[in-house]
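Student: I have a new structure to look at, and I would like to learn how to read it. Could we go through it together?

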Amino acid sequence: YNDRVITYVTDRGISKTIVEECINKGYIYQTYPHNNVVFVGFDEENNPRYAGIRGTNASRYMCDAYGSDKAFSFKLKSVIPNNEVHIFESAIDLLSYATLLKMKNIDWHKENMISLGGVNNPSKINENNKIPIAIKEFLEKNPNINEIHLHLDNDEVGRNASKSLQDVLSKKYTVLDRPAPLGKDCNDYLKYVLGIKKLNKNAKEKVCEVAR
């Protein structure tokens, strides 16, 4: 059964339709007996190579399954040729962005979206900082990509990682910094838009303006 997974994800505002489609394709499933949610990443031959596990209870349990290769972290690929890719720290943020697109009647199936399973805080911002292996793998396998949208978190780690990636990647690609306009991340912003999280008057006006 996937009831706990569906509840866990949709409680965060993510579209049930998107979740169920991911479940049907084998991108997401519920473990037994612990009822954790697993986000599966596949390689170009559609072989599962990564599994990010998250607890569906209050424990905030999270880990990557033994043997997971982060080069193939959870992602959703465009069903049509697309020269852009959107980067997120987590699968939940990725699915939140897909939901925001759906709410605007934009077909999320036509976007390339990659989650990194977290980012490291670079000690120094310079050109020698390493590109996360998931981004590197995707760019190597998709040489048509020329524009990268960074939707990393609005905390110190996310901002530093975004600045680092802009410095490293902008020599070859157009790199756009696109953090959530409100809240810590894309899921926070989705919750604000849906009214799951409360906002003051000024923040509400900003949400309405950005969400149009």
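**Reading the structure step by step**

Tutor: Let's begin with a pair of charges: Lys 141 and Glu 137 join their side chains in a salt bridge, 2.7 Å from N to O. Keep in mind that this is a predicted model.

Student: What is the general idea behind such a pair?

Tutor: Side chains of opposite charge can pair when their charged atoms come close. For the case here, look at the helix: Lys 141 and Glu 137 are about one helical turn apart, because they sit four residues apart in helix α4 (residues 133–141).

Student: How many salt bridges does a search of the whole structure find?

Tutor: The search finds 13. One of them joins the side chains of Asp 188 and Lys 197 at 2.7 Å, N to O. Here Asp 188 is buried, at 11% relative accessible area, while Lys 197 is partly exposed at 31%.

Student: Which residues are linked in a network of salt bridges?

Tutor: Asp 153, Asp 155, Lys 184 and Asp 185 are linked that way. Within this group, the side chains of Lys 184 and Asp 185 meet at 3.9 Å, N to O. Lys 184 is partly exposed, with 38% relative accessibility, and Asp 185 is buried, with 13%.

Student: Which buried residue has no salt bridge, and what is its nearest side chain of opposite charge?

Tutor: That is Asp 93, and the nearest side chain of opposite charge belongs to Lys 184, 6.3 Å away.

Student: What does the side chain of Asp 93 reach instead?

Tutor: Follow the side chain of Asp 93 to the backbone nitrogen of Asn 187, at 3.2 Å. Asp 93 itself is part of helix α3 (residues 91–103). Setting aside residues up to four places away in sequence, Asp 93 touches Phe 88, Asp 153, Asp 185, Cys 186 and Asn 187. Two of these names, Asp 153 and Asp 185, also belong to the salt-bridge network.

Student: Now for the strands. How should I read the side chains along one?

Tutor: In a regular strand the side chains alternate between the two faces of the sheet. Strand β8 (residues 147–150) is our case: Glu 147 and His 149 point one way, Ile 148 and Leu 150 point the other way, and all are buried.

Student: Where does β8 sit in the order of the sheet?

Tutor: The order is β5-β7-β6-β8-β9, in an open sheet of five strands with mixed pairing. The edges are β5 and β9, each of which pairs on one side only. On one side of β8, strand β6 (residues 84–88) pairs with it in the parallel sense over four bridges. There, Glu 84 has Glu 147 as its bridge partner, and Val 85 stands opposite Ile 148. Strand β9 (residues 174–177) also pairs with β8 in the parallel sense over four bridges, with Asp 177 as the bridge partner of Leu 150.

Student: Which residues are in contact with Ile 87?

Tutor: Ile 87 lies in β6, and it counts as buried because its relative accessibility is 1%. Beyond its neighbours within four places in sequence, its contacts include Ile 114, Leu 116, Ile 135, Ile 148 and Leu 150. Ile 135 is 48 residues away along the chain, yet the two C-alpha atoms are separated by 8.1 Å.

Student: Can we finish with a helix? Which residues of α2 are buried?

Tutor: In helix α2 (residues 16–24), they are Ile 18, Val 19, Glu 21, Cys 22 and Ile 23. These buried residues pack against α1 (3–10), β1 (28–30), β5 (75–76) and α3.

Student: What happens at the ends of α2?

Tutor: Ser 15 caps the N-terminal end, with a side-chain oxygen 3.2 Å from the backbone nitrogen of Thr 17. Just after the helix, Gly 26 takes a positive phi of about 85°.

Definitions and conventions: Residues are numbered from 1 along each chain as its sequence is written. This is a predicted model: local features need pLDDT of at least 70, side-chain atom pairs count only at pLDDT 80 or more; totals for chains, interfaces and linings use all residues. Side-chain values use heavy atoms; hydrogens and water are left out. Helices (H or I, at least four residues) and strands (E, at least two) are DSSP runs, numbered from the N terminus. Buried means under 20% relative accessible area, exposed over 50%, partly exposed in between (1.4 Å probe, protein chains only). Lys and Arg count as positive and Asp and Glu as negative; His and the chain ends are not counted. A salt bridge is a side-chain nitrogen of Lys or Arg within 4 Å of a carboxyl oxygen of Asp or Glu. A polar contact is a pair of N or O atoms within 3.5 Å; within protein, one must be able to donate a hydrogen and the other to accept it, and residues adjacent in sequence count only if both atoms are side-chain atoms. Contact means heavy atoms within 4.5 Å. Two strands pair if DSSP finds at least two bridges between them.
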